[in-house]
Structures are given as C-alpha cells and as structure tokens.
Amino acid sequence: MQSQTIVGRQIAQLRSDLNTLQGDVSGYSAELANMRNRSQALASNYYSIMGEIDAKLQTGTTPGNPRLVQRWQDASAALDQFEAEGNEMNAMSARIAASASMANYLLDATRATYSLSGAVDEDHVALRGLEDDVQRSVIGINRALTELTRDIQRQEAYVAGERRNLQTLSVAIARGEVYGNNLANVSAFGAAPSVTAMTPAPVNVSSSAPTSPVATEPMSPRPGVLGQLPVKDADAAPAPKTPFVIIRFDRPDVDYGQPLYQAMSQALEKNPMGSFEVVAVAPGGSGARQTLEGTNARSKAEDVMRTMAEMGVPADRMQLTTATSADANSPEVHVFLR
C-alpha cells in the first residue's frame, strides 16, 4: 500500500514513468527481432541473385547479356531494401537512446527522493525497490543500445562493401567476364604504401599466344598459366624494377580485364597496402610519329586506369607516367606495384 505522503506520491509518479518506459523497451525488443528476421530474408535473396549472376559468368556468357543486366538491377534493388532496414535501425537507435536518457533521469530522480523530508519508513522501502528496478532497466536499455549499434555498424559496412562489389560486377557483366570482389574490399587502401613490396611475376596480355591472349613472361616457371603467378620472396636478392602486368595493344580490342583483375588481386594479397604506377610505353621514333605514338600510349594507359578504378582501386593509389622503348612495336601499358 503506497503511503499518501509527499514522498509516497513522488514514488508513485516515478513508478508510473518506469512502467511506461519498460513497455517501450519491450516493444523495442520485439521490433528489433522482426528487423533482424527481415534482414536475414533480404540478405538471402540478395545472395541468391548474386550467386545466379556469378554462376552464369563462370560458365560463360555474352558481353552485356540483358538477362544478367536485369538480375544486376534486381540485386541492386535488394540491396536498397537491405539498406532501408539499416535506416529503420538508425531510427530505432535514436528512440532507444531517448529511453536511455529517460532511464538515467528516473534513476537520478529516485535517488534524489531519498533526501526529501516528510517520508515514512515504508516510503524508503518502496524507494529501494524502485531504485533496483530502475537500475535493471538502465542496464537492459544500455545493453540493447550497444547491440543495436553493433548491428548498425555491421550492416552499414556490409552495404558499403556490396555497393562496391556491384560496381565491379557491372563491369564484369558488360564484358562477359568473371571477376571477383571489388579490390577495395580485399585490400587496405587507406593505409600508407608498404616499403617492402613483394612483386609478382608479370602477366603479358597481347596477341602473341595463338590460343589465348594471356601468357606469363619467360621469367615465370609456368608460362601460359594464369592464376598461378609466383611471387618473389621478400628476403630474396633485390630484383630490377619489373612490372607485374604488361598489356600490349598490338591489335584492336585487347581483352585485358580479367587477367588484369587477377594479377592485381594476387599482388594485393602479398602487399595489401600497395599502390600502382601505370606507365604508358610508346614505341621509339622521332618527330610527329613519336608524338602520335606517345599520345596513343597515354590514351591506352588512361583506359587501363579507368578499368582499375572500376575494379576498386582509388585514384590516390594510382600514378600515371610515360616512357619510350625501342623494344616496343606497339603501345604498351606496364603496371608496377609500389
């Protein structure tokens, strides 16, 4: 039985506020559970679409296949829905934060009530029970807010990473090739470049091979095999400056996307903090011809850099330089790992 003293009436008001708060917190728990279930369903749908696209690319398809373009749009829409769930989580986080502030206010108000005059013994017994209940609510709300904050951070990181993957996937669909994850998702581009970069053996992209436009340079122990490019030991004797990708534009429409992606992936596995120097190499010559060859080589190098950017390499991790080589018979682009 609540006393009718001033303190007793204050306790009754605080208890009523606490009951309202606890009702709100119970609603948050149910709402958060529903959000997590919806997020799981949306993620499953998204991965199903992505798996379908990857499977088609793996088995071979035409460049710009309209069916894959449509499925890419479906995947993007599914990711939009997933992101909308994250926005709802942010809105809930704001509401729970307000409830946390209310709980802390109730705890302070309950403790301040001890100092009010005019209380009877039963009032202080009730106050101790109220204080315990408020403290439990504070702990529960703070725990829920911490868990929700982690969910939000994880979901935001996931959406950002998948947005980048979709960007690279769109390039793969346009070219009818299979790539992988966006390179920004598998490397530490935000860090400073390593001073002990390990350089993979170079990949040569040209029309020199009769059956495949991709071959390794003779320095590789297994020429002609892409995806098994050896990497030099970090403590081995220093080697001359060697590009890990060489693209020779000795015919129209050189298909360098997939070997370039695979070579960069392997390079970044060995040096995740690496950056790239892209060198436009022009054949030797003189006068107007040399100027034309230099312009052509630079244009090809800029195209390669755009492709690298689409694969996830930030602009501040690429540098374009030019060179002339008497050994080059056509424009070449050499890529170095720094």
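**View 1. The crossing of helices H3 and H5 in the predicted model.** In this predicted model, the axes of H3 and H5 approach to within 8 Å and cross at roughly 125 degrees. Angles of 65 to 115 degrees would count as roughly perpendicular and those over 145 as roughly antiparallel, and H3 and H5 are therefore oblique to each other. On the H3 side the meeting residues are Gln 167, Thr 168, Val 171 and Arg 175, and on the H5 side they are Thr 307, Ala 309 and Glu 310. Two packed helices are described in general by the angle between their axes together with the distance between the axes.

**View 2. Helix H5 and what covers it.** Helix H5, which runs over 287–310, has 24 residues and reaches 35 Å from its first C-alpha to its last, close to the 34 Å expected at 1.5 Å a residue. Its buried residues are Gln 290, Glu 293, Ala 297, Ala 301, Val 304, Met 305, Thr 307 and Met 308, a list in which Thr 307 is also one of the residues that meet H3. The cover over the buried residues of H5 includes H3, S3, H4, S4, strand S5 (318–325) and S6. Just after H5, Gly 312 takes a positive phi of about 115 degrees.

**View 3. The largest nonpolar core.** This core has 48 residues, and those with the most contacts inside it are Phe 244, Met 264, Phe 276 and Met 308. At least two residues of the core come from each of helix H1 (6–59), helix H2 (66–113), helix H3 (121–175), strand S3 (245–248), helix H4 (257–270), strand S4 (276–283), helix H5 (287–310) and strand S6 (332–337). H1 gives the most to this core, with seven residues. Apart from it lies another core, of 24 residues, which includes Ile 11, Ala 100, Ala 109 and Val 138. In soluble globular proteins, nonpolar side chains tend to be buried together.

**View 4. Met 264 and its surroundings.** When residues up to four places away in sequence are not counted, Met 264 touches Leu 183, Phe 244, Phe 276, Met 308, Met 311 and Val 313. Of these partners, Phe 244, Phe 276 and Met 308 are listed alongside Met 264 itself among the residues with the most contacts inside the largest nonpolar core.

**View 5. Helix H4 and the buried Ala 263.** Helix H4 has 14 residues and reaches 20 Å from its first C-alpha to its last, close to the 20 Å expected at 1.5 Å a residue. The helix is mostly covered, with ten of its 14 residues buried, namely Gly 257, Pro 259, Leu 260, Tyr 261, Ala 263, Met 264, Ser 265, Gln 266, Ala 267 and Leu 268. Ala 263, which has its place in this helix, counts as buried because its relative accessibility is 2%. The C-alpha atoms of Ala 263 and Phe 244 are separated by 7.3 Å, although the two residues are 19 residues apart along the chain.

**View 6. Asp 253 in the loop between S3 and H4.** Asp 253 has its place in the loop between S3 and H4, where the residue has a positive phi of about 55 degrees although it is not a glycine. With a relative accessibility of 72%, Asp 253 counts as exposed.

View 7. Ser 76 lies in helix H2, and its 16% relative accessibility is why Ser 76 counts as buried. Leaving out residues up to four places away in sequence, Ser 76 touches Arg 163 and Leu 166. Ser 93 is likewise found in helix H2 and counts as buried, at 14% relative accessibility. With its neighbours within four places in sequence set aside, Ser 93 is in contact with Leu 145, Leu 148 and Ile 152.

**View 8. The chain as the setting for the close-ups.** The chain has five helices and six strands, which follow the pattern α-α-α-β-β-β-α-β-α-β-β when read along the sequence. Buried residues make up 41% of the 338 residues in the chain. Among contacts between residues at least 6 apart in sequence, 80% join residues at least 24 apart.

Technical notes. Residues are numbered from 1 along each chain as its sequence is written. This is a predicted model: local features need pLDDT of at least 70, side-chain atom pairs count only at pLDDT 80 or more; totals for chains, interfaces and linings use all residues. Side-chain values use heavy atoms; hydrogens and water are left out. A nonpolar core is a set of buried Ala, Val, Leu, Ile, Met, Phe, Trp, Tyr and Cys residues joined through side-chain atoms within 4.5 Å. Buried means under 20% relative accessible area, exposed over 50%, partly exposed in between (1.4 Å probe, protein chains only). Helices (H or I, at least four residues) and strands (E, at least two) are DSSP runs, numbered from the N terminus. Contact means heavy atoms within 4.5 Å. The expected span of a helix is 1.5 Å times one less than its number of residues. Axes are lines fitted to C-alpha atoms, for helices over the stretch in contact, and angles run from 0 to 180 degrees between N-to-C directions. Angles under 35 degrees count as roughly parallel, over 145 as roughly antiparallel, 65 to 115 as roughly perpendicular and the rest as oblique.
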